[in-house]
Amino acid sequence: MSFGGRVGEASDVLTKKYALEYQISDMARYNHEHNMIYIHDLSAYAVGMHNCLSIPFDDLLAKGFNTRQTDVRPAGSINTAFQLVAVIFQLESLQQFGGVSATHLDWTMVPYVRKSFAKHYKDGLKYINNIDETNIDYAIAFMIKNAKDYSIDDSEWEAYSWQAYKYAIDLTVRECHQAVEGMYHNLNTLQSRSGNQLPFTSINYGTCSLPEGRMIIRELLEVSLEGLGKLHKTSIFPCGIFQYMKGVNDKPGTPNYDLYQLALKSTAKRLYPNYANVDWTGNAGYDINDPRTYFSTMGCRTANGWDVNGLGQLKDGRGNICPVTIIMPTLAMIAKETVRNGFANNTIDAFMQILDQKIHEAKDMLLERFEWICSQSSDSAKFLYENGLMAGYVPEEGIRSALKHGTLAVGQLGLAETLQILVNTDHTTNLGMSVAKRIEQLFKDRIAEFKQQYQLNFGVYYTPAENLCYTAMKKFKDTYGEIPKVSDREYFTNSMHVPVWHEMTPFEKIDIESQLTGYSSAGCITYVELSSTVSQNLEALETIVNYAMDKDIPYFAVNVPNDTCLGCGFCDEFNDACPQCGCEEIQQLRRVTGYLTGNYKTAFNYGKQKETEDRVKHL
Ligand SMILES: [Zn+2]
């Protein structure tokens, strides 16, 4: 392990122990230690950090910001703007323990494409048309009649000098490309935090049909397709998320349909982008004139729902404050015991009762943590609060004024195994699905009540559980042993997902999971496993993504095996040796949550490795 990793791990052990033994209530500790309700990131709990944030880049780039050492001027070109995005991602990720995202990066970058274009156009007039500087300023001022609304497509530019226009467009495209490349390099190299981690970055884009926005989307996708470094490896960050929107990019004839096609090409080869559904019914009440309210997500799946404290569907400046996860199979075993011991008649009813109590306790655990986070000084996250990264912050009122717009997430693990315990089947059957809906309805109802009662954004969360799926299973086996179809594997199934080993088509998987995504409000993801041959059949991929969006899936991803030969860079699906050069050093990239993780055989825990190997292809 690296030096940074060792330092991080040592402090993790201590802060976790401290949180568990001295900070949290007996109720919270009991639930955590008995595999009932898991408290995520205990080490961050100890220091009072919050989880994640969607960054208001529009404001930060336009106004500039302060850091401990200096202040940074507003961005004056597309190149600077993209470098600042990487810097801001980096700085903010040190103020919290989870991910950072940009919610509509294409729209955000429009003014900076224009600034770069105007600069290049001026140079064109000066060096190609030999116009002197005073006259250039006069001409530019004439063309930019309205500094906010001009477009690089306006006919005046070309009419005044077609040479300068052509020159400026070419240079702006080139600058955009290099700026995006620069951002990709920064986000894959600038390590921060203990353990020398890269910040978990996600960028949402795809709906801007202005020529400037389209240029940005195209370059983001081109760079994603190109890959990184000498071998053109698939980049792990940022997690790209294409915002699919009816009438904008969904069908032939819509303005950004060509970019959707390019996105599909990138997905087939690089696994990114994933797809966010702007028309998702769960994001009702958004403002079609304000891209900051379009449905966007953190790569992992955490998303901002309707804010009960006045910001509505605004995504910028909001994030998840903290999550807990209810380990449902443990509760199902307790329900069974209750019936066996004669304290209840019906296992399902007994389970619902226990679950109800645990949802209430989960709420109390989140409130406990929320109060602790709110009691921190704004100086502990100076960059965040001083620069207004969290929406709604009023210094005189303390940081609660900002934190109250964030989400308190009640997560869940192992719906499939829970159903096996309760009714001997999972939600791939009608019986299983009917019980699944009862369970999710209870989550949804209680969360809605808490939201009103406490005026805080509680949300139903379909937890990623990248480590928990394994550690919770280990604990479960210690208590209950190996039960067929429940604990005969090394991992619990994620949230409400269909178990990875079920044989079915992608459409069947979408049909099942789409019946449950509507109950969630704090984030969920659906993925399907496809073979690498899909890159030769983009039409099939398009059909699948369209199907998922039509079925009202909010966030959709496609898993395609991505093996890269570290000898020659050949990228496809292969196991032992490179078919091109025979080299046996292979990087096997797989998806773990919504993000990709480097070589899964070293980066994933044992349970997740086993899960990865059990995944069956849906097409
Ligand atoms: Zn090779």
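## Pairing in the predicted model

Two strands pair if DSSP finds at least two bridges between them. The model is predicted. By that criterion, E10 and E11 pair through 5 bridges and run parallel. Within this pair, Leu408 stands opposite Phe458 in E11.

## Overall build

The chain holds 23 helices and 17 strands. Its radius of gyration is 25 Å, close to the 25 Å that the globule rule gives for 619 residues, so the chain is as compact as a globular protein of that length. The C-alpha trace spans about 95 × 60 × 50 Å along its principal axes.

Of the 619 residues, 49% count as buried.

## The mixed sheet

Four strands make up an open sheet, ordered E1-E9-E10-E11, with mixed pairing. Strand E1 (37–39) and strand E11 (457–461) are at the edges. Each has a single partner strand, so one side of each is left without a neighbour in the sheet. From one strand to the next, the twist averages 25°.

E1 pairs with strand E9 (residues 320–327) in the antiparallel sense, over 3 bridges. Here Ile37 stands opposite Ile326 in E9. E9 and E10 run parallel, joined by 7 bridges. Asn320 faces Thr407 of E10 across that pairing.

## Helices on the sheet

Helix H14 (residues 347–374) packs on this sheet. H14 touches E1, E9, strand E10 (407–413) and E11. The direction of H14 makes about 150° with that of E9.

Helix H19 (residues 468–480) also packs on the sheet, where it touches E1, E9 and E10. The direction of H19 makes about 55° with that of E10.

## Strand E10

How many of the 7 residues of E10 are buried? The count is 7 of 7, so E10 is largely enclosed by the rest of the structure. In a regular strand the side chains alternate between the two faces of the sheet. In E10, Thr407, Ala409, Gly411 and Leu413 point one way. Leu408, Val410 and Gln412 point the other way. Residues on both sides are buried.

## The nonpolar core

The largest nonpolar core has 179 residues. Which of its residues touch the most other members? They are Ala81, Val85, Val113, Ile216, Val410, Cys469 and Ala472. Helix H10 (residues 162–189) gives the most to this core, with 10 residues.

Val410 is one of the buried residues of E10.

## The antiparallel sheet

Another open sheet has 4 strands in the order E15-E14-E16-E17, and its pairing is antiparallel. Strand E15 (571–572) and strand E17 (596–597) are the edge strands, each pairing on one side only.

Strand E16 (residues 586–591) pairs with E17 over 2 bridges, in the antiparallel sense. Arg591 stands opposite Leu596 in E17.

Key: Residues are numbered from 1 along each chain as its sequence is written. This is a predicted model: local features need pLDDT of at least 70, side-chain atom pairs count only at pLDDT 80 or more; totals for chains, interfaces and linings use all residues. Axes are lines fitted to C-alpha atoms, for helices over the stretch in contact, and angles run from 0 to 180 degrees between N-to-C directions. Two residues are in contact if their C-beta atoms, placed from the backbone, lie within 7 Å. The radius of gyration is taken over C-alpha atoms; the globule rule is 2.2 Å times the number of residues to the power 0.38. A residue is buried if 20 or more other C-beta atoms lie within 10 Å of its own, exposed if 12 or fewer, and partly exposed in between; C-beta atoms are placed from the backbone. A nonpolar core is a set of buried Ala, Val, Leu, Ile, Met, Phe, Trp, Tyr and Cys residues joined through C-beta atoms within 7 Å.
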